[in-house]
Amino acid sequence: MSETVKMSEAQTEYLNLVAELMTIRKRGDVPLAYIRTYGCQQNVADSERIKGMLHEAGYSFTETPEDADFILFNTCAVREHAEDRVFGNVGALKNLKRRHPQILIALCGCMMEQEHVAKRIRESFPFVGLVFGTHCMHEFPELLYKSLVDGSRIFVRDNDDRLVHEGIPAFRDGSFKGWLPIMYGCDNFCTYCIVPYVRGRERSRKPDIIIEEARDMIARGYKDITLLGQNVNSYGKGLDPRPTFAGLLREIDKIDGDYWLRFMTSHPKDCTRELIDTIAGSRHISLHLHLPFQSGSDRVLKAMNRRYDRAKYLDIVNYAKEKIPDVSLTSDVIVGFPGETREDFEQTLSLIREVGFTSLFTFIYSPRKGTPAAEMDDPVSDEEKGRWFRELLAVQEEIAAERCASMVGMIEKVLVEEKAKQDGRLCGRTSGNIIVEFSGDDSLIGTFRNVKITQARNWILNGELADQ
């Protein structure tokens, strides 16, 4: 059973002690923290909570590590490339630490839950003073204080208490788009994935706490709220009585306001018709379903331990298309899984053509130490995998271009997110998560606007304001 506990009074007191200490140790007018986040939205949400605690301790934030009193890298272990970037960027801090010895450099996140990574940090990066894993966030105030006072290196990891720690403040990066975690961990153990080993087993937050946090975000003006979990469809596991994810969505959808509600990631094996019916009948849930299929081959899906087959996946997709005619479908695909053949790959291509995805997040398989797939035979060359990857991208680009072209002439509700690269242009997204660019004043950023689609550019749309 998932058990919820509040952040302790002792941890709050440690934040007060840090604030007192930093009045002396700060380099400028106020202590500054530099936070760099790698990886998924869950890592972003974790960083926002770490920033919330730092803010309570009197820190402000900087975009340049050279100005910081405290530097933190929140790391990702999903792909080798992300790990290599972390090691390279941490190594670049060596001279900064030499010039300013009082700076505290810290690492946290998924990479730190891997023994071989922690060992490498300990041996090769002696200027890193604090290392903590994904299960230690609620202890961060104490770890920070002790690191600052003692000056000794602190490594804390692999201590999953399987509790849900509430009451941690969040300092969100955005003012109109926000992340809202509803659960932590993963029980699926896909053979290629390191997440269950570094994030622990599934733990769900209580629905009343989530609903209250969503209500607060909406009251503060958030227009686009994404519910987060490694597998949101299994939300409720460990709670008594057990709620369903669809039920949670319905309760949040009842909150009045002008906002969109999104969620990710949704595992096909647990995606129910109840969930699709809930989206179809909602007021605020976006018409976008991100449903990773990873491979179109049943043989490869079995080797991946995905626990669904092609037929089940297509059954879900076809039901979604029937109940939500304007649904935008996106997915994740792995190319070159160990033992994948050309025939397997062609089945992936055929599924992509049959579904007609709006967009795909595509990856060439990256072995993760400690996962079963890393020990599997992998006879296909990197060059061949690269050719498959480019072929897949070409197929999807054609599909995306056709879908976008079909939207020309339509009027779409768009959340204006930022300036586009071209002067005088803005960039936003539709409910289906499709990017739209159009001319407009910067004051529109953070608002909903109706935009008439005038041109399709592969996976991006051009438009003009329809509600001036």
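Select helix α13 (residues 342-355) together with α14: the two pack at an angle of about 15°, with their axes 10 Å apart. Axes here are lines fitted to C-alpha atoms, for helices over the stretch in contact, and angles run from 0 to 180 degrees between N-to-C directions. Helices are DSSP runs of H or I with at least four residues, strands are DSSP runs of E with at least two, and both are numbered from the N terminus. The model is predicted, so local features need pLDDT of at least 70 and side-chain atom pairs count only at pLDDT 80 or more, while totals for chains, interfaces and linings use all residues. Residues are numbered from 1 along each chain as its sequence is written, and side-chain values use heavy atoms, with hydrogens and water left out.

**Stop 1: α13 and α14**

Stay with this pair. α13 and α14 are roughly parallel to each other; angles under 35 degrees count as roughly parallel, over 145 as roughly antiparallel, 65 to 115 as roughly perpendicular and the rest as oblique. The crossing of α13 past α14 is right-handed. A crossing is right-handed if the near helix is turned clockwise from the far one by less than a right angle, and left-handed if anticlockwise.

Show side chains for Arg342, Phe345, Thr348, Leu349, Ile352 and Arg353 in α13, then for Trp388, Glu391, Leu392, Val395, Gln396 and Ile399 in α14, which they meet. Contact means heavy atoms within 4.5 Å. The residues of this contact divide into seven nonpolar, two polar and three charged. In this scheme Ala, Val, Leu, Ile, Met, Phe, Trp, Tyr, Cys and Pro count as nonpolar, Asp, Glu, Lys and Arg as charged, and the others, Gly among them, as polar.

**Stop 2: arginine 368**

Next, go to the loop between β16 (359-364) and α14 (382-405) and pick arginine 368. Is arginine 368 buried or exposed? Its relative accessibility is 4%, so arginine 368 counts as buried. Buried means under 20% relative accessible area, exposed over 50% and partly exposed in between, with a 1.4 Å probe and protein chains only. Leaving aside neighbours within four places in sequence, the contacts of arginine 368 are Ala77, Val78, Arg79, Glu80, Glu83, Tyr192, Ile194 and Ala374.

**Stop 3: α2 and α6**

Select helix α2 (residues 41-56) and helix α6 (residues 140-150), whose axes come within 10 Å and cross at roughly 60°. α2 and α6 are therefore oblique to each other, and the crossing is right-handed.

**Stop 4: α10 and α12**

Move to helix α10 (residues 273-280) and helix α12 (residues 310-323), where the axes come within 10 Å and cross at roughly 25°. That makes α10 and α12 roughly parallel to each other, in a right-handed crossing. From α10, Arg273, Ile276, Asp277 and Ala280 make the contact, and from α12, Asp315, Ile316, Tyr319, Ala320 and Lys323. The contact comprises five nonpolar, no polar and four charged residues.

**Stop 5: β12, β13 and methionine 264**

Colour strand β12 (residues 224-228), which is joined to β13 by five bridges and runs parallel to β13; two strands pair if DSSP finds at least two bridges between them. Strand β13 (residues 260-264) is mostly covered, with four of its five residues buried.

Centre on methionine 264, in strand β13. Methionine 264 is the bridge partner of leucine 228. Glycine 229 is 35 residues from methionine 264 in sequence, but their C-alpha atoms are 6.3 Å apart in space. Apart from neighbours within four places in sequence, methionine 264 contacts Gln41, Thr226, Leu227, Leu228, Gly229, Val232 and His290.

**Stop 6: the barrel**

Finally, select the five strands that close into a barrel in the order β17-β18-β19-β21-β20, with mixed pairing. The twist averages 50° from one strand to the next.

- β19 (residues 435-439) and β21 (residues 460-465) run parallel and are joined by four bridges; valine 436 stands opposite leucine 461 in β21.
- β17 (residues 411-419) and β20 (residues 448-457) pair in the antiparallel sense over five bridges, with isoleucine 411 opposite lysine 452 in β20.
- β20 and β21 run antiparallel and are joined by six bridges; arginine 457 stands opposite isoleucine 460 in β21.

End at the turn of the β20-β21 hairpin, which has two residues between the strands; asparagine 458 in this turn has a positive phi of about 55°.
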